[in-house]
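Here is a short briefing to read alongside the structure. Please keep the view open as you go through the points.

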Amino acid sequence: MNAHDSYRQGFPFTTALAALVVLMLLASQARAELLIRITEGADSAIPIAVVPFAESGAMPAGDKVSSIVQSDLTMSGEFRPLEPSRMLSLPSQRSEVYFRDWRLLGQRYVLVGQLTRSGDRIEARYELFDVNREERILGETAGASASNVRTLAHHISDRVYEAITGDPGVFSTKLAYVTVTGDGDNARYRLHVSDVDGKRSRIRLESREPILSPAWSPDGKQLAYVSFETGKPVVFVHELASGNRKKVADFPGLNSAPAWSPDGKSMLLTLSKDGNAEIYRLDIASGNLTRMTNHWAIDTEGAWDHTGRGIYFTSDRSGGPQIYHMDRAGAEPRRITFGSRYNARPRPDAKGEYVYYVHQRERAFHIARTNLKNGEESVITRTESDESPSVSPNGRLLIYATQQNGTGVLTVVSANGGAAYSLPASDGDVREPAWGPIVR
Amino acid sequence: MKGHERETISTDTAPLKSPVVMSVALHLLIVGIALAGWSWTSPISEPEPRTISARLVSPEPRPSPVVDEQDQRDREQERRQQQERERQQQEAERRRQQEEQARREAERQAQEQARQREEERKRQEAQARERAEQQAREQEAARQKAEAEAKERERQRAEEERKRQEEAKRKAEEEKRRQEERRRQEEAERKRQEEAARQEAERKRQEAERRLREQQLEALADESRREREAEARRQQEAAAARAREAQMLSESEKYQALIRERLSQAWYPPSSATEDMTARVQITLLPTGELVNARLVSSSGNTAFDNSALGAVRSLSRYPIPSDRDTFERYFRQFTIEFNPQRLR
């Protein structure tokens, strides 16, 4: 501005005016340009077109790869796949993609691909396009045996999910859960492992006695759980590939709530061998125990936080069950939950952003979460007899057990409480879900 | 001088005085005669009507026929004739008295006329005498008047000569005085002109000085006026520029809000987004609102986040932009959009 004034005084008027205009233009150029801040995104899921893949060669019966991908993306709650019947064309490679068509349909992404059968294998070539940027953001080939089309499809879903959201997909991960059929002497408890969409479920253990608290090892190869098969709660570790199992905690009293450490070398257990329930850390290789808590009240359900050093646990030292956090063994626990008289079974996400837990409100039990940055609590389920929350490895989804028409079922919800997706019913009550890790 | 001329004229008209007197006398005479004539003739005319009436009522008595044989009728007629005769006798008596009166009247008139003629003759003799006397008196007066006039004329001549000499002298003096006066006037005029010329020169000098001063003042005033005007113009332009600026700004804010809304609807922050992620995309638009170019100028560090921002920016087929070209050029030709989620799902 001072520069303008001095110019204006030194020059004849018209010259000064011209100079002023020029300077104003320059100033407007030099000044920070207009900045528009976007602080909110669309509330709806991302529109994506998963075009049915072109096929060459015989394909196995059952769900098509593209429809499995479509269903995976739908379950995530973050995508809104386009009905194939509404597609204007069915391209299978880049040269056939007309972005304008997809833009007209309001699509942000288009996934196209081709499946080729060669012998026992099926190979997929697939490409993901950003419709607006008119760019291919993914182009890969992947193969699987003809009997594992679902594995191939979940893999593609993971790749698509990650390319778009920046987070790893969890569609190839596994679920462990327990079903109960019959009662009394006819009761049968079965430990299942299935895909996240509930498909390809396989029974890993069957028992006349209760099976509780399955927990995945970080490498996804082992499950720890509590089995009453010996007449009392004992913690077993079960190697899935071989089916070998061994007792890791068979102390007097209560042995329960196993939780693997992130490095897989130790696990948290709740033991009452010393009188009342306390949390211990078990070194798996040596079998050494380290006491983590020491309080006259019940301390149980320990879970490692994302650092691998601190733990969350449930304690009724305040009179009722509440969630506490402890930075390290022996440190002073810090209470996390205050919102109601009953908060239990903490499950922190892998990023350290939220902790999920069973939360009683009125007479109903919901799953709630607390934002660890600001302490804000929000209830994320609308069902009323909710238990056993388990967070997906990417922190985006949550699975929990609830009651539906008097029967236990599993439901997957977005971690923010958005879309809910009920897993297909299986025989009997379904309970104690545990979301497996991402296996590389 | 005029008085002198009047004198001359009166001298000339003096002989006319006696005819006027004569004329007046003559008129008096004629009037006198007329009056005498009138009083003389009127008595003559008077008796005439009386003579005429006498002739009208004097029928001669005629003998009436005698009708004896008829009795009644005859007696009546007799009686009527008797009455008629009586009446005629009375009439004749009255007529005779009238004639006697007329004869006496005529005698009296004749005597009167003779007396009047004698008076007229005496009166005319007196008049003739008087005319003769009058004539003698007039002749004597005319003679005396002629003498007086001759003397008067002589006196006038002398008087005129004296006046003429006096006049000549007076004129010479007058002429001398006039010349003196003219000379004096000429001198005064010369001096006056000289003074006027001097004053004019002085006035011109002062005028020139005044003009110069005024011109200088005017130049100063002009300059300050121009400066004031220029300053006012500058201020006006600055105010207009500010107003325009404000208008463009408010216009731009409207469209900023529209763009913000459209982009918010078009932006799908990826699940990996966190509230501390910020990506900036600089975009270039055509005046039609079409996107020419979008460039990531500041990365969030998260590819999916950056891509979501770029995708959102590119998803708008046409940006809502102001129709005002200046506002467009100023704000929307090229601008930056910052993506920074504040309320993640």
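Strands here are DSSP runs of E at least two residues long, numbered from the N terminus, and two of them pair if DSSP finds at least two bridges between them. With that in hand, note that the model is predicted.

**Chain B on its own**
- Chain B holds 6 helices and 3 strands, and along the sequence they come in the pattern α-α-α-α-β-β-α-α-β.
- Of the 345 residues in chain B, 12% are buried.
- If we take contacts in chain B between residues at least 6 apart in sequence, 72% of them join residues at least 24 apart.

**Where the two chains touch**
- Chain A brings 26 residues to the contact, and chain B brings 37.
- On the chain B side, two or more residues each come from helix 4 (72-266), helix 5 (303-315), helix 6 (325-332) and strand 3 (334-339).
- Helix 4 of chain B gives the most to this side, with 9 residues.
- By type, the chain B side that touches chain A has 16 nonpolar, 15 polar and 6 charged residues.
- The chains also share strand pairing: strand 1 (residues 35-38) of chain A runs parallel to strand 3 of chain B, over 4 bridges.
- Within strand 3 of chain B, B:Phe339 is the bridge partner of A:Ile38.

**Nonpolar cores**
- Nonpolar side chains tend to be buried together in soluble globular proteins.
- The largest nonpolar core has 68 residues, and A:Ala224, A:Leu269 and A:Leu398 touch the most other members.
- Beyond its neighbours within four places in sequence, A:Ala224 is in contact with A:Ala215, A:Val235, A:Phe236, A:Val237, A:Val248, A:Pro258, A:Trp260 and A:Met267.
- Another core, of 60 residues, lies apart from the largest one, and its members include A:Leu111, A:Val112, A:Tyr126 and A:Ile164.

**A four-stranded open sheet in chain A**
- This open sheet of 4 strands has the order 15-16-17-18 and antiparallel pairing.
- Strand 15 (255-260) and strand 18 (289-291) of chain A each have a single partner strand, so they stand at the edges with one side left without a neighbour in the sheet.
- On average, and ignoring direction, neighbouring strands of this sheet are turned by 30° against each other.
- Inside the sheet, strand 16 (residues 266-271) and strand 17 (residues 278-283) of chain A are joined in the antiparallel sense by 6 bridges, and A:Leu271 has A:Glu278 as its bridge partner in strand 17.

- Strand 27 (residues 387-391) of chain A is mostly covered, with 4 of its 5 residues buried.
- Strand 27 runs antiparallel to strand 28 (residues 397-404) of chain A, and 3 bridges join them.
- A:Leu398 in strand 28 of chain A stands opposite A:Val391.
- The hairpin has 5 residues between the strands, and A:Gly395 takes a positive phi near 75° there.

- Most residues other than glycine have a negative phi.
- Where do the two non-glycine residues A:Glu362 and A:Ser388 sit?
- A:Glu362, with phi near 55°, lies in the loop between strand 24 (354-361) and strand 25 (364-371) of chain A.
- A:Glu362 counts as exposed because it has 8 C-beta neighbours inside 10 Å.
- A:Ser388, with phi near 50°, is found in strand 27 of chain A.
- A:Ser388 has 23 other C-beta atoms within 10 Å, so it is buried.

Notes
Residues are numbered from 1 along each chain as its sequence is written. Chains are lettered from A and ligands numbered from 1 in the order in which they are written. This is a predicted model: local features need pLDDT of at least 70, side-chain atom pairs count only at pLDDT 80 or more; totals for chains, interfaces and linings use all residues. Two residues are in contact if their C-beta atoms, placed from the backbone, lie within 7 Å. Ala, Val, Leu, Ile, Met, Phe, Trp, Tyr, Cys and Pro count as nonpolar, Asp, Glu, Lys and Arg as charged, and the others, Gly among them, as polar. A nonpolar core is a set of buried Ala, Val, Leu, Ile, Met, Phe, Trp, Tyr and Cys residues joined through C-beta atoms within 7 Å. A residue is buried if 20 or more other C-beta atoms lie within 10 Å of its own, exposed if 12 or fewer, and partly exposed in between; C-beta atoms are placed from the backbone. Axes are lines fitted to C-alpha atoms, for helices over the stretch in contact, and angles run from 0 to 180 degrees between N-to-C directions.
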